[in-house]
Amino acid sequence: MASNSENVMIKGSCHCGFIKYTCSVRPEALKKATRCNCTFCTKLSGANMHLTGPQDFQLLSPASQAECGDYSVHSNAHRYFCQKCGTQMWMEASYEMFGKQIEQFSINLHSVDQPQEGLDLSEVKFEYFDGLTNNFAAGLSDKPYKGGLV
Ligand SMILES: [Zn+2]
């Protein structure tokens with residue numbers, strides 16, 4: 001796994017322990033995360049901590065990503081989850097926004113192990129997207145957009 005020596009290693013797992021991972025997170029990304037009010041994010045408890053990319057994520061178990069559930073509403077956005085306990089684990093998405101190609105890789109904060117050195121989930125500040133009306137042009141807000149959870 002490629003990682004910057006200043007990055008912080010984070011451990012995560014699903015509720016039953018079938019899925020385990022580590023990831024390398026930039027220090028500036030550790031204290032913030034995003035939520036979106038779209039149905040995909042809301043129904044699946046999306047609390048996204050953004051990684052630089054899949055190179056900073058290492059699946060420790062199971063042996064193959066194919067053993068994880070893969071829920072996708074668009075062929076270019078996947079949420080991986082535990083097929084035994086249902087925990088949402090991470091998301092990979094590739095899409096175009098404002099004429100720019102976006103490659104998103106984020107872990108679901110609900111899957112991060114607590115307590116652990118380097119990350120206290122109570123200190124994470126959320127910023128919010130308005131995906132429900134596909135109004136990403138509105139940008140990130142300190143408060144949820146209509147229909148979104150805090
Ligand atoms: Zn599980």
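**View 1. An open sheet of three strands, in the order β1-β2-β5, with antiparallel pairing.** In this predicted model, the edge positions of the sheet are taken by β1 and by β5 (57-61), each of which pairs on one side only. From one strand to the next the twist averages 20 degrees. The antiparallel strands β1 and β2 are joined by six bridges, and within this part of the view lysine 11 stands opposite threonine 22 of β2.

**View 2. The zinc ion and its four cysteine donors, Cys14, Cys16, Cys82 and Cys85.** Each of these residues coordinates the zinc ion through its SG atom, at 2.3 to 2.4 Å. The angles subtended by the four donor atoms around the zinc ion run from 106 to 116 degrees, and because four donors count as tetrahedral if all angles lie between 85 and 135 degrees, the arrangement is tetrahedral. Along the sequence, the donor residues follow the spacing C-x1-C-x65-C-x2-C. Cysteine 16 belongs to the loop between β1 (8-13) and β2 (20-25), whereas cysteine 82 belongs to the loop between β7 (77-81) and β8 (88-97), so this pair ties together parts that are 66 residues apart in sequence. Cysteine 16 counts as partly exposed, at 43% relative accessibility, while cysteine 82, with a relative accessible area of 1%, is buried.

**View 3. Serine 106 and the polar contacts of its side chain with asparagine 48 and glutamine 104.** Serine 106 is part of strand β9 (residues 100-108), and its relative accessible area of 0% means that the residue is buried. Its side chain is joined to the side chain of asparagine 48 by a polar contact of 3.3 Å, and a polar contact, also listed at 3.3 Å, is made with the side chain of glutamine 104.

**View 4. Two cis peptide bonds, one between serine 61 and proline 62 and one from glutamine 114 to proline 115.** For the bond that joins serine 61 and proline 62, omega is about 0 degrees, and proline 62 is found in the loop between β5 and β6 (69-74). For the bond from glutamine 114 to proline 115, omega is near -5 degrees, and proline 115 is found in the loop between β9 and β10.

**View 5. Serine 45 and asparagine 134, residues with positive phi that are not glycines.** Serine 45 has a phi of about 55 degrees and is located in the loop between α1 (39-43) and β4 (48-50); with a relative accessible area of 38%, serine 45 is partly exposed. Asparagine 134 likewise has a positive phi of about 55 degrees, but its place is in the segment after β10, where asparagine 134 is exposed, with a relative accessible area of 59%.

**View 6. Glutamate 127 in strand β10 (residues 125-129), shown together with lysine 31.** Glutamate 127 has a relative accessible area of 23% and is partly exposed. The C-alpha atoms of glutamate 127 and lysine 31 are separated by 11 Å, although the two residues are 96 residues apart along the chain.

**View 7. The span of residues 10-146, to which the unreviewed UniProt entry assigns the feature "domain: CENP-V/GFA".**

Conventions: Residues are numbered from 1 along each chain as its sequence is written. This is a predicted model: local features need pLDDT of at least 70, side-chain atom pairs count only at pLDDT 80 or more; totals for chains, interfaces and linings use all residues. Side-chain values use heavy atoms; hydrogens and water are left out. Donors are N, O and S atoms within 2.8 Å of the metal (3.2 Å for Na, K and Ca); water is not among the atoms, so sites may look incomplete. Four donors count as tetrahedral if all angles lie between 85 and 135 degrees; four count as square planar and six as octahedral if opposite donors are over 155 degrees apart and all others between 65 and 115; anything else is irregular. Helices (H or I, at least four residues) and strands (E, at least two) are DSSP runs, numbered from the N terminus. Buried means under 20% relative accessible area, exposed over 50%, partly exposed in between (1.4 Å probe, protein chains only). Two strands pair if DSSP finds at least two bridges between them. Axes are lines fitted to C-alpha atoms, for helices over the stretch in contact, and angles run from 0 to 180 degrees between N-to-C directions. UniProt positions are given in the numbering used here, feature names are shortened, and annotations may be inferred rather than shown by experiment. A polar contact is a pair of N or O atoms within 3.5 Å; within protein, one must be able to donate a hydrogen and the other to accept it, and residues adjacent in sequence count only if both atoms are side-chain atoms.
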